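Subject: Structure handover

Hello,

Here is the structure we spoke about. My notes follow below it.

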Amino acid sequence: MKMMRVIILIISSVAFFVKADELLKTPKYDVLPCCQLCPEAADSNNYNNSFLQANYRILEGKNGWLFRSQADLKTDFGPKPDVYPMLFTFLSKLERRGSKVLLVYTPSRGLVHSDELISNEYDKGLAQKNYIKALSMFRSIGFIVPQLDRIFDSKSGKEFFFHRDSHWTPDGSRLTAELVAEEIKKDPLYTQLKSKKFSTTLNGFNSQPGVIQLATSQLCHGDKFTYEFFQQYITQPVDDDADSLIADNVEQPDIVLLGTSFSAMEKFNFDGFLKQYLGKDLLNLALSGGEDRGAWTEYLVSDTYQKKPPKLIIWEVPSQHSMSDKSLFRQLIPLVDNGCHNKTLLLNKSQTIDYGKSADVVFSRDLLDVNANELVVDLTVSDPDVKNLQVKVWYQDGTNEIFTIKQNKRAQSQGRFVFLLSQDDKRLNSKFLSMDITQIDSHVESIKLDTSVCSQSGYSK
């Protein structure tokens with residue numbers, strides 16, 4: 001009887017250990033493809049709003065990747081040659097005020113993750129060549145430019161971008177920050193910047209719904225793709241001296257970060273990684289949805305910049321922005337000196353325009369003494385929601401030009417538009433005659449305009 005009990009106990013024990021061992025084994029599942037892009041995504045007529053147009057045209061890749069044919073798979077990068085002089089002028093004006101500029105011109109998703117494409121129509125070799133050429137051009141103009149082409153040759157095994165979102169992952173953010181810090185440390189300016197220690201630690205997990213994924217959901221009337229989860233980081237100062245910490249909070253850092261949501265969103269921790277790898281503090285004034293201009297137009301007119309320009313400005317801009325729009329630099333160049341503020345005015349005028357009407361805003365023979373390309377128009381519209389102005393400018397030789405001054409929708413400009421007149425080579429010595437506003441992006445019945453004109457270099461004493 002005792003023997004039977006022992007045998008039963010042994011058998012029971014063996015059965016228990018077998019079950020426990022089975023429980024510890026990793027379960028195995030058959031992996032089946034989860035998602036196929038709907039046919040509607042291939043029809044250009046379905047991209048019928050601004051959000052979908054910004055994500056045109058969505059292509060399915062391998063392993064749950066989604067790409068945008070225009071933004072992600074472009075093969076040309078950087079501005080057109082006729083914009084180079086304006087870029088040079090912009091940098092020169094910033095440097096005269098004591099600020100160098102480092103450009104973070106982030107490579108496209110196609111450049112970094114072309115191995116996830118199914119189609120062979122993307123010419124990665126041409127894209128790489130043109131991207132490297134653009135970086136070289138920016139350096140020749142005067143930007144500090146890190147070796148960002150090393151990103152798409154990185155063999156770290158970590159993904160730089162999300163599968164279904166336009167943004168970089170924290171790993172992509174970290175790698176970029178390393179390359180930026182490496183480049184800044186080569187510049188003599190680095191030793192002039194006040195040092196400060198920072199430490200980065202894990203801060204849980206977060207999810208990314210994915211901009212391209214959201215566009216797919218609209219096109220396909222439902223979402224087949226899941227959110228992506230990632231490890232999130234936080235960077236904090238390491239300072240044992242409480243008095244020193246209080247002093248640093250009062251003092252404005254010598255580095256300012258301007259850019260897009262890549263820099264503005266805390267969950268990517270780009271500014272934190274920069275602080276850690278640089279060993280320097282910085283002020284992050286990036287603007288989510290700000291495109292290539294929003295953060296600049298807010299920052300340059302602020303007291304933060306006008307009263308104390310930083311020694312270094314880090315400008316992050318995704319390479320989907322070519323920076324070929326002259327409207328951008330027509331605004332940024334005069335904004336460095338805050339338009340016509342504190343300058344001798346060559347003209348000052350107030351008037352009212354009715355909805356839907358054009359108006360002769362500026363006409364003065366007194367302005368014929370100044371070359372048109374030196375003139376700055378500083379105009380404030382009473383409707384603060386206006387983001388676009390179309391103007392027609394006449395010159396003394398009888399020629400004219402029509403152009404639009406475009407502001408970022410998220411930037412707080414309070415209806416103020418500051419811009420240069422003639423910037424084309426053929427009009428460098430042209431004399432300005434008059435300017436009409438032909439279109440105002442407003443539905444207000446009656447709009448008041450306050451217009452000033454000054455010379456770029458015309459400070460009052």
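Which residues lie nearest the centre of the largest pocket? They are Ala54, Gly289, Glu291, Gln320 and His321, out of 35 lining residues.

First, the ground rules. This is a predicted model, in which local features need pLDDT of at least 70 and side-chain atom pairs count only at pLDDT 80 or more, while totals for chains, interfaces and linings use all residues. Residues are numbered from 1 along each chain as its sequence is written, and side-chain values use heavy atoms, with hydrogens and water left out.

**The pocket**

The largest pocket has a volume of about 1400 Å³. A pocket here is an open set of points on a 1 Å grid over the protein atoms alone, where a 1.4 Å probe fits, with protein on both sides within 12 Å along at least five of seven lines; lining residues have an atom within 4 Å of a point. The volume is the space filled by probe spheres set on the points, which are joined across faces, edges and corners.

The lining divides into 8 nonpolar, 18 polar and 9 charged residues. Gly counts as polar in this scheme. Helix 2 (50-54) and helix 9 (261-264) each supply at least two lining residues. Helix 2 gives the most, with 4. Helices (H or I, at least four residues) and strands (E, at least two) are DSSP runs, numbered from the N terminus.

An open sheet has 4 strands in the order 3-8-6-7, with parallel pairing. Its edge strands are strand 3 (100-106) and strand 7 (283-284). Two strands pair if DSSP finds at least two bridges between them. Strand 6 (residues 255-258) and strand 8 (residues 312-318) share 4 bridges. Leu258 stands opposite Trp315 in strand 8.

Strand 12 (residues 388-395) and strand 13 run antiparallel, joined by 7 bridges. They form a hairpin with 4 residues between them, and Gly398 in the turn has a positive phi of about 95°. Val393 has Glu401 as its bridge partner. In strand 13 (residues 400-406), Glu401, Phe403 and Ile405 point to one face and are buried. Buried means under 20% relative accessible area, with a 1.4 Å probe and protein chains only.

**Ser99**

Ser99 sits in the loop between helix 3 (84-96) and strand 3. Ser99 is buried, at 1% relative accessible area. Its side chain reaches the backbone oxygen of Pro310 at 2.5 Å. Beyond four places away in sequence, Ser99 touches residues including Tyr305, Lys311 and Ile313, where contact means heavy atoms within 4.5 Å.

Best wishes

Notes. Buried means under 20% relative accessible area, exposed over 50%, partly exposed in between (1.4 Å probe, protein chains only). A polar contact is a pair of N or O atoms within 3.5 Å; within protein, one must be able to donate a hydrogen and the other to accept it, and residues adjacent in sequence count only if both atoms are side-chain atoms.
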